[in-house]
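Below are some short notes on the model, in numbered points. Please read them with the coordinates open.

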Amino acid sequence: MEDIEALKNSIILAISETTSPDGLEELRVFELGKSGRITNMMKSLGNMREIERKIAGKELNILKQSVSGAIEKKKQSLLESKINEKLELERIDVTLPPRAQTIGKIHPISQTIDEVVSIFGEMGFSVAEGPDIEEDWYNFTALNIPPDHPARQEHDTFYLEAKSKGERMVLRTHTSPVQVRTMESSSPPIRIIVPGRTYRCDHDSTHSPMFHQVEGLVVDESTNMSHLKGCLIEFCRAFFSIEDLPVRFRPSYFPFTEPSAEVDIGCSITEGTLKIGHGDKWMEILGSGMVNPRVLENCGIDSKKYQGFAFGMGIERISMLKYGIPDLRTFYDSDIRWMRHYGFRCLDVPTMVGKAAR
Ligand code: DAH
C-alpha cells in the first residue's frame with residue numbers, strides 16, 4: 001500500500017515536471033500504455049490470492065484513475081500555455097503609431113477648413129450647416145437678390161428641374177443662405193461660421209463647378225464695422241501666421257451687406273513666385289460687410305434693435321495661397337502623389353491661433 005502511494009506521488013511529480021505534450025505522451029505510454037507499468041501491475045493481479053487481489057485491485061484502480069486524471073489536467077494546461085504563448089507572440093499594440101509609408105493624408109481642403117474653424121472657434125464662433133440643394137428664397141431672395149437683380153447673372157447657377165408649382169431648387173452658389181436659415185431659426189446674439197460646398201456653372205483653370213466657402217455671421221445689438229475689421233484682421237494674421245500681415249479693406253458691393261468691403265492682404269511677386277506679407281501688391285481674399293437691414297427684416301429680426309456683420313471666402317483660394325498650391329483643378333484629381341505631397345499628417349493638429357495673433 002505504501003509502495004503504491006509512493007509510486008503515485010512519484011508519477012504525479014513526474015507529470016507536473018513535464019514541459020511538453022510529447023514528454024507527457026511518453027509518460028502516459030510508460031505508465032498506462034499496453035505494456036505500461038501500471039497496466040502490467042494490473043495484469044499481475046491475476047496471480048494473487050483473491051483477498052489480496054481485492055485490496056490491491058482497488059488501490060491500483062485508484063492509482064490508474066489519479067494518474068490518468070493528472071495527465072489529462074496537465075494536457076489541458078500545456079495546451080493553454082501554448083495558446084497563451086502564441087497570443088503573446090502575435091500580440092499587436094494598437095496604440096503604436098502607424099508606419100510612415102501606410103499613413104493616409106488629410107486633404108488640404110479639410111485641413112484648411114479645420115484651421116479656419118479653429119481660429120474662429122477661439123473667438124467664440126460655432127459651426128452651422130445648411131443643405132447643398134437650396135430654395136431660391138434662401139440662396140437669393142432673402143439675401144436681397146430678387147429675381148430681376150443683376151447679381152443673379154454673376155452666379156452661374158445650377159438649377160434643378162422645376163417642381164409642380166414652377167419653383168426651381170438650386171445648388172447653392174454660396175454659403176450665405178445659411179445666414180438666413182440661422183437667423184430664421186435662432187435669435188441674437190448669433191456668432192456662426194459655416195464651412196461648406198458651393199456650386200457654380202463655371203469650369204476653367206481658376207474655377208471649378210464645385211468648390212468650398214466659409215461664411216461668417218455675427219448679429220447682436222452693438223456689433224459694428226470696427227468689430228468686423230478687428231475680427232478679420234486677426235483672422236488673416238492668424239491664418240497666414242504673419243504677425244504684421246498688411247490687411248486692407250476696400251469698398252465694394254454685395255446686395256446682402258451695406259456697407260460692403262472686400263479684404264486684401266499684402267503680397268509680393270518675385271520672379272513669378274508669390275509671397276504673402278509686406279510687398280508692393282495686394283491680393284483679394286474675402287468679401288464682407290455690415291448685414292443689410294433688409295436681410296435682417298427678411299429673416300424676422302428687428303433691424304432697429306439688431307445689427308451685425310458677415311463675411312465669406314473661398315477655401316481653395318486661401319488654401320492655395322497659404323500652401324503654395326498652383327492649380328485649382330488638382331484639388332479634385334484624387335492623385336495619390338499630389339496627396340502625398342500636399343496632404344497633411346492625420347495627427348497634425350490644426351494651428352490654433354497662429355503665433356501671429358498671440
Ligand atoms: N457670398 C459672397 C460670394 O459668394 C461672399 C460674401 C461676401 C459673403 C460678403 C458674405 C459677405 O457674407 O458679407 O461671393
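1. Basis. This is a predicted model, in which local features need pLDDT of at least 70 and side-chain atom pairs count only at pLDDT 80 or more, while totals for chains, interfaces and linings use all residues. Residues are numbered from 1 along each chain as its sequence is written, and side-chain values use heavy atoms, with hydrogens and water left out.

2. Ligand shell. The ligand is surrounded by 15 residues, where a residue counts if one of its heavy atoms lies within 4 Å. The closest are H174, S176, R200, Q213 and E215. By class, 9 of the shell residues are polar, 4 nonpolar and 2 charged; here Ala, Val, Leu, Ile, Met, Phe, Trp, Tyr, Cys and Pro are nonpolar, Asp, Glu, Lys and Arg charged, and the others, Gly among them, polar. Strands β6 (210-220), β10 (281-291) and β11 (307-314) each supply at least two residues of this shell. Helices (H or I, at least four residues) and strands (E, at least two) are DSSP runs, numbered from the N terminus.

3. An N or O atom in the side chain of E215 is 2.5 Å from a ligand oxygen. For R200, a polar side-chain atom lies 2.9 Å from an oxygen atom of the ligand. A310 takes part through the backbone, with a polar atom 3.2 Å from a ligand oxygen. The protein buries 90% of the 350 Å² that the ligand exposes when taken alone (Shrake-Rupley method, 1.4 Å probe).

4. Aromatic pairs. There are 12 aromatic pairs, counted for rings of Phe, Tyr and Trp (its six-membered ring) with centres within 6.5 Å; planes under 30 degrees apart are stacked, over 60 edge-to-face and the rest tilted. One of them, F125 with F311, is edge-to-face, at 6.5 Å centre to centre and 70° between the planes. This pair links distant parts of the chain, 186 residues apart: F125 is in the loop between α5 (108-122) and β2 (126-127), and F311 is in strand β11.

5. Backbone geometry to check. Which peptide bonds are cis? One runs from P188 to P189, with omega near 5°; P189 is in the loop between α8 (177-185) and β5 (190-199). Another joins E258 and P259, with omega about -5°, and P259 is in strand β8 (residues 257-270). E271, in the loop between β8 and β9 (273-276), has a positive phi of about 45° although it is not a glycine.

Definitions and conventions
Polar contact = N/O pair within 3.5 Å; in protein donor to acceptor, adjacent residues only side chain to side chain.
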